[in-house]
Amino acid sequence: MASEPAAEAEAEERRLCEEDELMFEDIAREVARLGLRDFPEVDAEEEEGRQEEEEEDAAAAGPANGLLPHPVILHRPTGQQLFLYGPPPPPLLPPRMLPPPFSPPALGMPGDHKLPDGWWFAVANPGRGHVPAPESSHGGGSAVPPRAAWPRAAPGDAAWPGPRAPPGAAAANTQLAEACVQYLCRNEEQVLDTLFQGRPEAADANARLIVTHAVPLLESSQGARLLGRVIDGCNDGLRHLIVARITRDAKRFFRICGARSDEVVGMIRSCRSERSLQLVRNAITPWMAPSIMHRLVTSDSNRLKVVQAFVQCVPEPYFAEFIFDAIAKNCLALVIHPHGLSLLQSCLEHVEWTAKDNILSTVARCSCDLAQHRFGNYIVQDVLKQRDPSHLEIIASRFRHNYVKLSRQRYSSNVVETCLEVFDDRERFAIVEELVWFPRFRDLVTDEFANYVISKALRTCKATLRHRLATAILSLPHVNRRHPHCLRMFNTLSLLGYRD
């Protein structure tokens, strides 16, 4: 008997794994169909040169070369961005508060760094020095070996010297990556202090480790905390490298978003450049395929949160147009899902008017059913509060002859109250007449939810219609005014001056 639950759990796990594999196949097909690339900012010539150099490294290092950490490609900062790891200093400081200008030492002097490229470092230490920038493996020139790209630091800095894995041993490379992640997690404060305030060589070495192992860091709980602190405190250049490393593998990124959605959401919200957002967009574009979108809408709230975070950060509507198109096709399925509803509301805030009108019209045509749903009633109220005449007319036509049923239901009663606020006098008259002419109007007065609708009608209708409703209430025999469901209604009547 004890083996049956274990067998069921194993069968369920096997089924989920098979579904994930099918999903990954769909993602791979979408990536191939859309022609997405891991790094869209790399030119074709640079990409070809990088592949040739990687083949040479693989031939020299053996089969384990693919698991070794690659050197980080550091881009030269522009004149407006002179800080590599820390955020830029606050603007408009008085001249007397600025640090003295930095004068680099002459090239080739004993004891000085060679300075083929200039790099400024952490904002806490402006002008502390420079560090040689390794040659990019994407471009021309000789490629820097992965571990040779990590300069050794003085013993006082918390920089990882980069242990050498035995050549040709794949397991050793896995252990090397795990050791790097464990080191970063165990020395979190020292790593952060060195990254933002340490010597340039040590900061550069730690930055390379963090970027190279960004994915395993994100997959562990302690590493995700460290990575989040780095992303929140670093500048756009280092943040872009981390985002590029995490999103380069669509299949693995899909798995990470399912397990670490909150961390991925934080990463997306910290992106301030279109380059970083473009990498995220390319990674989630395959999710908009019909088969994958169906799963996201029905049973995948974690990845829906990731899509919503991206939608909230897009600079312009065209940037996420492919998401808006997919959501417009699945809007009715999204509104009955809690995270899907939040996603749809975020899209309505960023989408252009034409697409927004199409979505709201679709919701209005199904408003009678959505109004009675636990989550769907919120989107119907949102459509009503837009006060668009065409949408109001559609909703009013769907609600006619259903106000009694809607008023007695928990969720749709809130929608009817909103209707009384936004409809014109003609539609308010239709609501009140349908309630008053209901044969069991007394049951509506004492109903748990309908009494709120009647109280709202007394407060919103004009004098003639309000008098018609008040007379109908006061003419009812044997109504207990102290009934919990009647207190609000009769207090409203007393405030309006109606007595027996």
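These legends accompany several close-up views of a predicted model.

Figure 1. The protein has 500 residues, of which 46% count as buried, and among the contacts with a separation of 6 or more, 72% are accounted for by residues 24 or more positions apart. The mean pLDDT of the protein is 74, with 65% of its residues reaching 70 or more. Over residues 37–83 the pLDDT stays under 50, and the model has 85 contacts beyond four places in sequence for this stretch. Residues 92–161 also have a pLDDT below 50, and there the model has 134 contacts beyond near neighbours in sequence.

**Figure 2. The packing of helix 25 against helix 26.** Two packed helices are described by the angle between their axes and the distance between the axes. For helix 25, which covers residues 450–460, and helix 26, which covers residues 463–474, the angle is about 140 degrees and the axes lie 8 Å apart. Angles over 145 degrees count as roughly antiparallel and those from 65 to 115 as roughly perpendicular, and helix 25 and helix 26 are therefore oblique to each other. The crossing in which helix 25 passes helix 26 is left-handed. On the side of helix 25 the contact is made by I454, A457 and L458, while helix 26 contributes R466, L469, A470 and I473. Sorted by class, this contact of helix 25 with helix 26 has six nonpolar residues, no polar residues and one charged residue.

**Figure 3. Helix 10 and the helices around its buried residues.** Helix 10 runs over residues 261–270, and its buried residues are S261, V264, V265, M267, I268 and S270. These buried residues of helix 10 pack against helix 6 (214–219), helix 7 (221–233), helix 8 (236–247) and helix 9 (250–259), and also against helix 11 (274–284) and helix 13 (301–313).

**Figure 4. H337, a histidine in a loop.** H337 is found in the loop between helix 15, residues 331–334, and helix 16, residues 338–350. Its relative accessibility is 13%, so H337 counts as buried, given that the cut-off for a buried residue is under 20%. When its neighbours within four places in sequence are left aside, H337 is in contact with V297, T298, S301, L304 and F375.

Figure 5. Most residues other than glycine have a negative phi. The phi of R387, however, is near 60 degrees, which is a positive value in a residue other than glycine, and R387 is found in the loop between helix 19 (376–386) and helix 20 (389–399). With a relative accessibility of 49%, R387 counts as partly exposed. H401 likewise has a positive phi, near 65 degrees, and is a residue other than glycine; H401 lies in the loop between helix 20 and helix 21 (403–407). Because its relative accessibility is 73%, H401 counts as exposed, the cut-off for an exposed residue being over 50%.

**Figure 6. V191 in helix 4, shown together with A207.** The place of V191 is in helix 4, which covers residues 188–197, and at 0% relative accessibility V191 counts as buried. Although V191 and A207 are 16 residues apart in sequence, the distance between them in space is 9.2 Å, taken from C-alpha to C-alpha.

Conventions:
Residues are numbered from 1 along each chain as its sequence is written. This is a predicted model: local features need pLDDT of at least 70, side-chain atom pairs count only at pLDDT 80 or more; totals for chains, interfaces and linings use all residues. Side-chain values use heavy atoms; hydrogens and water are left out. Axes are lines fitted to C-alpha atoms, for helices over the stretch in contact, and angles run from 0 to 180 degrees between N-to-C directions. Helices (H or I, at least four residues) and strands (E, at least two) are DSSP runs, numbered from the N terminus. Angles under 35 degrees count as roughly parallel, over 145 as roughly antiparallel, 65 to 115 as roughly perpendicular and the rest as oblique. A crossing is left-handed if the near helix is turned anticlockwise from the far one by less than a right angle, and right-handed if clockwise. Contact means heavy atoms within 4.5 Å. Ala, Val, Leu, Ile, Met, Phe, Trp, Tyr, Cys and Pro count as nonpolar, Asp, Glu, Lys and Arg as charged, and the others, Gly among them, as polar. Buried means under 20% relative accessible area, exposed over 50%, partly exposed in between (1.4 Å probe, protein chains only). pLDDT is the predictor's confidence in each residue, from 0 to 100.
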